[in-house]
Protein chains: 2
Amino acid sequence: MSLLVLGTVAFDTIETPFGKAERIIGGAGTYICWSASQFYNDIKLVSVIGDDYPQDALDALTARGVNLDGVEKRVGEKSFFWAGKYHLDMNSRDTLVTELNVLANFSPKLPESYKNPEMLLLGNFAPAIQMQVLNQLNARPKLVAMDTMNFWMDIAMDDLKKVLKQVDVLIINDEEARQLSGQYSLVKAARLIREMGPKYLVIKKGEHGALLFYGVHVFFVPALPLEEVFDPTGAGDTFAGGFMGYLAKTGDCSLNGMKRALVYGSVAASFCVEAFGPNRLKEINKDDMKSRTLQFLELMEVTLEDIV
Amino acid sequence: MSLLVLGTVAFDTIETPFGKAERIIGGAGTYICWSASQFYNDIKLVSVIGDDYPQDALDALTARGVNLDGVEKRVGEKSFFWAGKYHLDMNSRDTLVTELNVLANFSPKLPESYKNPEMLLLGNFAPAIQMQVLNQLNARPKLVAMDTMNFWMDIAMDDLKKVLKQVDVLIINDEEARQLSGQYSLVKAARLIREMGPKYLVIKKGEHGALLFYGVHVFFVPALPLEEVFDPTGAGDTFAGGFMGYLAKTGDCSLNGMKRALVYGSVAASFCVEAFGPNRLKEINKDDMKSRTLQFLELMEVTLEDIV
């Protein structure tokens with residue numbers, strides 16, 4: 001197995017009711033790699049940064065086994081920057097600043113060593129960029145997963161639909177599923193979206209967990225109820241990263257394998273929200289993962305032998 | 001075992017995006033009894049109606065094994081009436097009319113045969129009325145469960161807190177848990193609320209499922225994702241009724257027994273929302289319950305032997 005990831009590497013300024021973090025490292029690619037590397041160590045990242053990006057943040061990822069040969073560094077340019085502010089309920093946020101910088105005219109060029117991944121996660125990016133990555137591969141990976149967002153549905157729906165045809169697993173949130181399908185009911189939305197290409201659909205519902213639709217099957221994984229959600233930034237990417245990292249580790253794409261991967265995605269996401277940025281993901285170890293996994297087991301486990 | 005239920009018996013006029021139902025039978029007591037009687041047949045209802053209430057609706061409950069000796073019929077008065085309209089998302093609604101009628105000066109008088117229940121469910125009612133029921137019992141039931149709502153927190157918090165001290169299981173929704181505790185985090189809310197009396201706290205989250213807090217344990221039951229939610233009226237009461245009906249059937253108040261009861265509450269609620277009022281609950285049989293329980297099993301079931 002090897003896992004290829006497309007995702008942004010960025011600076012974020014985040015304001016929550018608990019405080020403010022200025023220009024910390026972020027971006028979907030960052031969260032995905034920190035999360036996936038909890039499970040699996042042959043990860044290759046495709047992204048782009050400016051020359052303002054701190055080398056130690058890159059070194060930390062390399063030390064986790066993440067190959068950064070595909071991260072283009074543009075001299076004289078600035079990294080992608082996002083600033084946002086969360087409302088009191090932590091469920092909604094306002095974007096204050098979006099500076100595309102190096103993303104504005106990014107066109108990924110994959111190193112030769114990147115062209116035969118067995119698993120691919122196309123993080124949220126312009127669909128045309130996602131397609132460029134797909135088109136440079138020597139063979140179709142065993143599993144292709146993709147994230148996207150409302151913004152691309154608004155301005156690049158045709159491109160998005162082309163990528164969707166190539167995708168096995170689509171990982172989006174409930175609002176995005178509703179916009180993509182035009183259906184409020186997630187069950188109806190899931191049927192329509194899977195007709196667009198993906199066999200598997202994962203619908204993330206934030207603090208309300210996530211659903212997996214596959215064939216006639218539906219599976220639900222809760223989010224862990226937490227004392228405090230400190231910063232939700234990156235939780236969805238962390239979820240996707242954990243999901244794909246676990247699948248890359250096991251290679252098990254059966255329904256049960258997918259269910260397990262979903263639980264581990266939710267386990268990883270439960271750590272992400274406990275501190276600003278990816279900080280908590282950087283400090284946890286296998287024992288932390290184990291004990292939290294046991295909490296998920298208790299949260300979900302019930303025996304129902306005595307069905308009425 | 002025997003299950004004593006306090007709950008309103010009412011007329012409802014319900015408007016949803018799918019249509020309108022005029023003056024159909026409703027009320028928490030109605031939903032609770034239709035749901036609990038899927039599991040258990042020694043149920044006694046305490047309530048009050050006017051002489052406008054249809055005898056066949058009462059006979060249908062009696063035929064399910066629900067004892068109505070404690071339902072006071074006031075000649076010359078009208079039954080409680082509520083009218084509401086759901087918004088397009090079916091998650092929020094406006095109350096259009098509330099006519100208390102017989103509820104205005106209700107003071108329950110329990111028949112002798114009602115005074116030794118092993119289980120008690122105090123449906124949403126003025127806390128003073130809930131206390132009157134508790135005070136008429138010859139002995140404390142094995143398990144006392146209670147529902148309430150924001151309205152009573154606004155106007156009768158002192159009374160409510162007195163009842164809470166007598167209660168084993170509180171069943172409320174997330175918004176109510178937040179108001180009662182003054183905490184946004186449901187984990188923090190759960191801790192504070194359990195300090196008020198209830199050992200068990202069930203927090204209903206509508207289409208997002210429900211949480212059980214007990215000791216250091218947290219359990220989550222999802223709601224079944226449905227093609228269409230036709231009418232959510234009474235879903236919470238149906239959930240509570242299924243929960244208590246199952247507990248009355250098994251007498252098993254262990255953590256696992258409670259978890260199972262929560263699943264069956266969610267199974268029952270998944271039927272309730274499929275038609276106007278309690279209509280769907282009236283037509284389902286044991287086979288329907290069984291096959292939906294299997295859907296819940298698939299929705300929740302995952303094996304995680306290979307913990308990372």
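Which helix of chain B does Ser35(B) lie in? I looked this up first in the predicted model. Ser35(B) sits in helix α1 of chain B, residues 28-36. Helices here are DSSP runs of H or I with at least four residues, strands are runs of E with at least two, and both are numbered from the N terminus.

**Ground rules.** I note that this is a predicted model in which local features need pLDDT of at least 70 and side-chain atom pairs count only at pLDDT 80 or more, while totals for chains, interfaces and linings use all residues. Residues are numbered from 1 along each chain as its sequence is written, chains are lettered from A and ligands numbered from 1 in the order written, and side-chain values use heavy atoms, without hydrogens and water.

I checked the cover of Ser35(B). Its relative accessible area is 0%, so Ser35(B) is buried (buried is under 20%, exposed over 50%, partly exposed in between, with a 1.4 Å probe and protein chains only). Its C-alpha atom is 9.7 Å from that of Phe271(B), 236 residues apart along the chain.

Next I took Leu137(B). It lies in the loop between α3 (127-135) and β9 (143-147) of chain B. Leu137(B) counts as buried because its relative accessible area is 11%.

**Cavity.** I searched the whole structure and got one cavity of 30 Å³ or more. On a 1 Å grid over the protein atoms alone, a cavity is a set of points where a 1.4 Å probe fits but cannot get out; a pocket is an open set with protein on both sides within 12 Å along at least five of seven lines; lining residues have an atom within 4 Å of a point. Volume is the space filled by probe spheres set on the points, which are joined across faces, edges and corners. The largest cavity has about 40 Å³. Its lining is Phe220(A), Pro222(A), Leu299(A), Met300(A), Phe220(B), Pro222(B) and Met300(B).

**Second largest pocket.** I noted a volume of about 280 Å³. The lining has 15 residues, and Val187(A), Val216(A), Val218(A), Pro225(B) and Gln295(B) lie nearest the centre. Two or more lining residues each come from α7 (186-194) and β13 (217-221) of chain A and from α11 (286-300) of chain B.

**Chain A.** I ended at Phe151(A), in helix α4 (residues 150-155) of chain A. Phe151(A) is partly exposed because its relative accessibility is 41%.
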